[in-house]
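Please read it alongside the sequence and the coordinates.

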Amino acid sequence: MAKLQGFDFWRKTLQEARFVVAPMVDQSELAWRLLSRRHGAQLCYTPMLHAQVFVRDANYRRENLYSEVCEEDRPLITQFCANDPEVFVQAALLAQDHCDAVDLNLGCPQMIAKRGHYGVFLQDEWELLERMVRLANEKLSVPVTCKIRVFEDVEKTVRYAQMLEKAGCQLLTVHGRTKEQKGALTGIASWEHIRAVRKAVNIPVFANGNIQHLSDVERCIQETGVQGVMSAEGNLHNPALFEGRSPPVWEMAEEYLEVVRHHPPCSLSYVRAHLFKLWHHTLHIHQDLREELAKVKTLEALADVSRQLKQRCQEVIAAGNGVEDKDGGLPFPHWICQPYVRPVPKPSVGNGACPPVEVKRPVCQKRVLEDLDVAAETLSKNKQKKRSRNPQKNFCPDQKPKYLKCEQCGNPKGNKCVFNLCRGCCKKKAFKEVADCPSHGLRFKTKADKRKAEEQEHTKKTDSLQDSDPKMDMQHQGPTLSPGPDSESRARL
């Protein structure tokens with residue numbers, strides 16, 4: 001059967017999906033995808049998978065894709081991050097029988113993507129991206145898709161999208177933010193960029209950004225002309241977003257925990273993270289249960305904390321506060337599923353090596369990294385914790401250590417590795433060469449020498465026992481014949 005392309009792929013395989021759950025690291029696992037599908041999602045992506053690890057590690061493949069195969073979980077697109085055409089294709093070939101398409105992540109803006117040289121940090125390497133997409137399109141039996149972020153310049157963004165389409169991309173997801181728009185200064189996504197891309201290409205386009213309610217979905221489709229709309233953070237805070245509902249948090253939490261129990265295994269860290277997102281607004285009020293939710297170590301204990309939060313909310317409702325209780329300027333009471341809107345950050349007042357950056361347009365906002373002299377209230381909570389542990393902590397990127405790359409895979413290498421490799425590549429090489437690497441705690445040579453010494457010691461003991469025990473020698477020599485009368489007479493002579 002010929003591979004479907006472009007709009008045929010969207011219509012027949014993806015069944016004209018309009019409501020899409022985004023690929024989210026450690027968050028769009030099977031249980032969450034199934035919950036989202038129950039409440040209106042028509043297409044889901046796996047969490048981003050590392051192509052090189054997927055190729056070399058059978059356990060990683062099983063835990064992150066193979067063990068999550070489920071008939072209810074279709075259509076499904078598997079997303080990879082990669083920076084090597086051959087590795088990307090190898091990973092995609094291993095995954096193609098378990099999904100409906102393979103997506104190349106060109107939108108992750110996080111520091112780990114910068115260190116590993118993937119995601120949005122490849123968006124200026126057009127020749128490399130063209131080779132990756134072209135090779136995947138030639139080799140795979142399923143379509144290849146891409147998820148990108150925009151450039152500040154609309155025309156450059158359009159040329160970027162057209163290049164990927166020409167290389168063989170069959171569906172494009174456009175996140176209307178630049179790579180600098182992340183964290184506290186995420187800002188507003190540009191639907192203007194998305195609309196321009198949609199007009200310029202002849203493949204389906206999904207929009208990503210600014211989706212908090214079902215009304216945003218309809219408005220985005222109307223204003224940009226895209227085929228579908230993808231939600232990430234909005235979906236995490238309200239899985240019923242695509243139904244146009246804002247149910248009580250405990251309803252979604254209880255249903256999610258039920259799905260987790262029926263589709264094991266599910267990492268406890270994933271479940272905890274989802275409960276933190278769902279109960280986000282309520283946990284700001286009940287700090288004691290916030291701490292308890294962070295500490296417990298079993299699924300039932302997490303469910304118990306969720307039940308306690310439900311009970312407290314229902315007590316408030318019974319007391320008569322009901323819908324009038326809108327804490328912190330929220331549009332609904334805190335126990336109702338609703339989006340989280342990041343507060344506008346205070347302008348940084350820097351007087352050191354990292355001066356504040358003036359921003360004229362929200363589309364190209366760049367997150368300001370504070371230096372040592374910035375007031376504590378301008379730091380994120382995570383940075384404030386680090387500052388409390390280490391008062392001399394410096395957040396200026398120019399003064400942070402530069403990470404050297406592994407000679408084989410490009411990931412950060414171990415500083416004292418004897419092979420100048422990352423831990424994964426070092427382990428493979430040390431095992432093959434029977435060598436040690438103290439930096440990574442690998443002791444293949446030491447263990448081999450120890451086993452050899454034990455074998456030699458065992459052999460020596462066996463030999464010494466044989467020499468000292470004549471009965472053992474007799475047993476080894478076999479039975480002896482009793483002397484006859486002729487031998488006795490010869491002995492007398």
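**Notes on the fold, cores and selected residues**

1. Strand S8 is joined to strand S9 (residues 228-231) by three bridges, and the two run parallel. Asn 208 stands opposite Met 230 in S9. Helix H10 (residues 214-224) belongs with S8 and S9 to a right-handed β-α-β unit. The model is a predicted one, which should be kept in mind for every point here.

2. S8 also pairs with strand S7 (residues 172-175), again in parallel, through four bridges. Here Thr 173 has Phe 206 in S8 as its bridge partner. S7, helix H9 (residues 191-200) and S8 form a right-handed β-α-β unit.

3. Which residues of S8 point one way, and which the other? Val 205 and Ala 207 point one way from S8 (residues 205-208), while Phe 206 and Asn 208 point the other way. All four are buried.

4. Gln 227 lies in the loop between H10 and S9. Its relative accessible area is 12%, so Gln 227 counts as buried. The side chains of Gln 227 and Arg 198 are joined by a polar contact of 3.3 Å. Beyond four places in sequence, the residues that Gln 227 touches include Phe 7, Trp 10, Ala 17 and Arg 18, as well as Val 205 and Phe 206.

5. For the protein chain as a whole, the secondary structure comes to 21 helices and 11 strands. Of its 493 residues, 46% are buried. Among contacts between residues at least 6 apart in sequence, 63% join residues at least 24 apart.

6. The largest nonpolar core has 106 residues. Those with the most contacts inside this core are Phe 80, Phe 88, Leu 106, Leu 164, Leu 172 and Trp 279. Helix H12 (residues 249-262) gives the most to this core, with eight residues. In soluble globular proteins, nonpolar side chains tend to be buried together.

7. With neighbours within four places in sequence left aside, Leu 172 is in contact with Cys 146, Ile 148, Ala 161, Leu 164, Val 197, Ile 203, Pro 204, Val 205 and Phe 206. A second, separate core has 12 residues, among them Leu 421, Cys 425, Cys 426 and Cys 437.

8. How many disulfides are there in the model? The count comes to zero, with a cut-off of 2.5 Å between cysteine sulfur atoms. Cys 169 is in no disulfide, because the nearest cysteine sulfur, that of Cys 146, is 3.9 Å away and a disulfide needs two sulfur atoms within 2.5 Å. Cys 169 is buried, with a relative accessible area of 2%. Cys 425 is likewise in no disulfide: the nearest cysteine sulfur belongs to Cys 422, 3.6 Å away. Cys 425 counts as buried at 7% relative accessibility.

9. Leu 289 is found in helix H15 (residues 287-295). Is Leu 289 buried or exposed? Leu 289 is buried, since its relative accessible area is 4% and the cut-off for buried is under 20%. Leu 289 and Val 305 are 16 residues apart in sequence, and their C-alpha atoms are 6.7 Å apart in space. Leaving aside neighbours within four places in sequence, Leu 289 is in contact with Leu 283, Val 305, Gln 308, Leu 309 and Arg 312.

Notes
Residues numbered from 1 in each chain as written. Predicted model: local features only at pLDDT ≥ 70, side-chain atom pairs only at ≥ 80, totals over all residues. Heavy atoms only, no water. Buried < 20%, exposed > 50% of the residue type's maximum accessible area, 1.4 Å probe, protein only. Pairing = 2+ DSSP bridges. Right-handed = clockwise from strand over helix to strand, strands pointing away. Polar contact = N/O pair within 3.5 Å; in protein donor to acceptor, adjacent residues only side chain to side chain. Contact = heavy atoms within 4.5 Å. Core = buried A, V, L, I, M, F, W, Y, C linked by side-chain atoms within 4.5 Å.
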